[in-house]
Amino acid sequence: MTSTEEPVREGLRPVRAEAGETVEVRFTVNGTPAVLNVPARVTLADALRDHLGLTGTHVGCEHGVCGMCTVLVDGEAARACLLFACQLDGAEVVTVEGLGRPDDLHPLQESFGRNHALQCGFCTPGFLLSSYDLLSNKPEVTDEELPAELSGVICRCTGYRNILTAVSQTRAEHPEGIPGPGNCARRALVGRSGGQSATVVEERAEPSGEPDRNVEIVLPEGDPTIAVQVDTALDVPFDEVWRVLDDVHVLARCLPGAELTEELGEQLYAGRARIAVGPIKLSFHGIARVLEQDRETGTIRVLAQGQDTGGAQTQADITLRAHATAAGTELRADAAVYLTGRIAQFGRALAGDISRRMFEQFADSVHQAATTGEAPQQSHAAPSAFRMMFGTLLDRIKRIGRSRGGK
């Protein structure tokens, strides 16, 4: 791609917004339907990097000259720094993250690595997608034509010879046409900046008062936003702890801010969950399915998903394991949590600490229910994330004090 002029998309809707207003943009990025609310002058490059966390799209000159920010828009190469995000309503965007997976690289990526076609790597995403566009639209390109065809991307390390070799070999290995992007699937997209105003959600129906009894909980591909593991020693016999884990109604009342609202049959349940982070209060309506509940192994596994009216979503794969010890019961909670929307913008570290603190409170509630035989008093107030964080900090200070006192 040698021209810096971006093609005009057919059916492009006119966008009119006052200063300070945001524009809703609905598009698909690497196979994931998403919604952004961004100021009209936010570029596609900034939207991808800051609001969706897709930092593989590099920003160089910001004038459409260097080609670092090249992505695919509706199958054609485009400069992400020359397009406003609001122009992409209804578009399909592919970034370098969608080209291949670490364990299953795209042929172009394999060839770039095999031929040492990268040094600092800053130009590599742009070259990969520009090369993909070239081989898709002009598979008969000759080696003599390659330098001119790829001149729209500038390599700052001047490694052009190896880059040309990598592209040439890929073309020769796939004379029938280059394979399509191999990593486009639904997954969680998390903005990298806590202060962003964007709302990022997977495209789904708005939550309603009626739970869907036929819904299938499908977790996104890729790594979770948060992975939590909490181990707690309970001075209560295993049988008493399992009595709590075996009763979904009691179990739900042990979860901070959670409320079970309806049994839908076949181990599927509807419920609500609340959490507050400073002035932001989130109320999730969702469902949970119990996949495993085995007393022999002391295991219960639950898939859950929920969405609030503001577009924030959470999905989780939670496994609880209890086993008897000489002092009582060891309870382990493992959770893979996927976040999108406002709740994801608090950052992985904060969200991770909040999640761990919630599981610690859950363990305390299980201990209470196992000891007294009664579920904890249910509260309809949203648990405060900052109060949880403060409690975690106090616990750490106490542990440090005890360790120093023992020296």
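Modeller: Let's start with the ground rule for a sheet: two strands count as paired if DSSP finds at least two bridges between them. Strands (E, at least two residues) and helices (H or I, at least four) are DSSP runs, numbered from the N terminus. This is a predicted model, so to speak of local features we need pLDDT of at least 70, and side-chain atom pairs count only at pLDDT 80 or more, while totals for chains, interfaces and linings use all residues. Residues are numbered from 1 along each chain as its sequence is written, and side-chain values use heavy atoms, leaving out hydrogens and water.

The part I'd pick is the open sheet of 5 strands, ordered S2-S1-S5-S3-S4, with mixed pairing. At its edges sit strand S2 (32–39) and strand S4 (76–79), each of which pairs on one side only. On average, neighbouring strands here are turned by 40° against each other, ignoring direction; axes are lines fitted to C-alpha atoms, for helices over the stretch in contact, and angles run from 0 to 180 degrees between N-to-C directions.

Begin at the S2 end. S1 and S2 are joined by 8 bridges and run antiparallel, and Thr28 stands opposite Pro33 in S2. The hairpin they make has 2 residues between the strands, and Asn30 there takes a positive phi near 50°. On its other pairing, S1 runs parallel to S5, with 2 bridges between them. Thr28 turns up again, standing opposite Glu92 in S5.

Strand S5 (residues 92–94) and strand S3 (residues 70–73) run antiparallel, joined by 2 bridges. Val73 stands opposite Val93 in S5. Packed on the sheet is helix H3 (residues 124–137), which touches S3, S4 and S5, and whose direction makes about 40° with that of S3. For contacts, read heavy atoms within 4.5 Å.

Ser131 is found in H3, and with a relative accessible area of 0% it is buried. Skipping neighbours within four places in sequence, Ser131 touches Leu108, Phe112, Leu150 and Val167. Val167 brings us to helix H5, where Ile163, Ala166, Val167, Ser168, Thr170 and Arg171 are buried. Those buried residues pack against helix H2 (107–114), H3 and helix H4 (146–149).

With a disulfide taken as a pair of cysteine sulfur atoms within 2.5 Å, the count is 0. The closest cysteine sulfur to that of Cys66 belongs to Cys61, at 3.7 Å, so it is too far for a bond. Cys81 isn't in a disulfide either, as the nearest cysteine sulfur, from Cys69, is 3.7 Å away. Cys66 is buried at 7% relative accessible area, and Cys81 counts as buried at 12%.

The mean pLDDT (the predictor's confidence in each residue, from 0 to 100) is 79 for the protein chain, with 73% of residues at 70 or more. Residues 1–12 fall below 50, and that stretch has 30 contacts in the model beyond near neighbours in sequence. Residues 193–209 also stay under 50, with 58 contacts beyond four places in sequence. Where pLDDT is low, the predicted coordinates should not be read in detail.

For context, the protein chain has 9 helices and 12 strands, and 47% of its 407 residues are buried. Among contacts with a separation of 6 or more, 66% link residues 24 or more positions apart.

Definitions and conventions: Buried means under 20% relative accessible area, exposed over 50%, partly exposed in between (1.4 Å probe, protein chains only).
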